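Please study the sequence and the model shown below.

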Amino acid sequence: MATIEECRAALEKLSDSVGRAEGDVRAATALDRSVSCHITDLDVTFAGRMTDGRIDVRETLTGPPRQRADIRLAMTGDDLVALVDGELHFAKAWGSGRVKLEAGLRDLLRLRKLL
């Protein structure tokens, strides 16, 4: 089972990857939105903002998110690490329910370029 530190490192790695992206992927992440990622098996939520193509984790909270973020993810720590390392395909994980993504329709349409 992934640790809180491994999950935080995975989110930082994801932020770095998104920050280096170009073209359609870069445009999809050029949002200013609140984000949360609930790690279900650890019952921890990372909360922050997506701005200028980067994800800035500002808080690590025990339990589910306290506020409803604009973009909400939920998954196990192992799935987060596997997604970021390229061992798990997001669309398959999302389709099977291993990863949950909730956002407004407009954000989902923009984020689909990442999938």
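Which side chain meets that of D16 in a salt bridge? The partner is R54, with 3.0 Å from N to O. A salt bridge is a side-chain nitrogen of Lys or Arg within 4 Å of a carboxyl oxygen of Asp or Glu. This is a predicted model, in which local features need pLDDT of at least 70, side-chain atom pairs count only at pLDDT 80 or more, and totals for chains, interfaces and linings use all residues. Residues are numbered from 1 along each chain as its sequence is written, and side-chain values use heavy atoms, with hydrogens and water left out.

**Salt bridges**

- The structure holds seven salt bridges.
- Helices (H or I, at least four residues) and strands (E, at least two) are DSSP runs, numbered from the N terminus.
- R49 forms a salt bridge with D32, the closest N and O atoms being 3.0 Å apart. R49 belongs to strand 2, whereas D32 is in the loop between helix 2 (23–28) and strand 1.
- The side chains of D79 and R98 also meet in a salt bridge, at 2.5 Å from N to O.

**Accessibility**

- D79 is buried, at a relative accessible area of 8%, whereas R98 is partly exposed at 43%. Buried means under 20% relative accessible area, exposed over 50%, and partly exposed in between (1.4 Å probe, protein chains only).

**Lining of the second largest pocket**

- Strand 1 (33–39), strand 2 (44–51) and strand 3 (54–62) each supply at least two residues of this lining.
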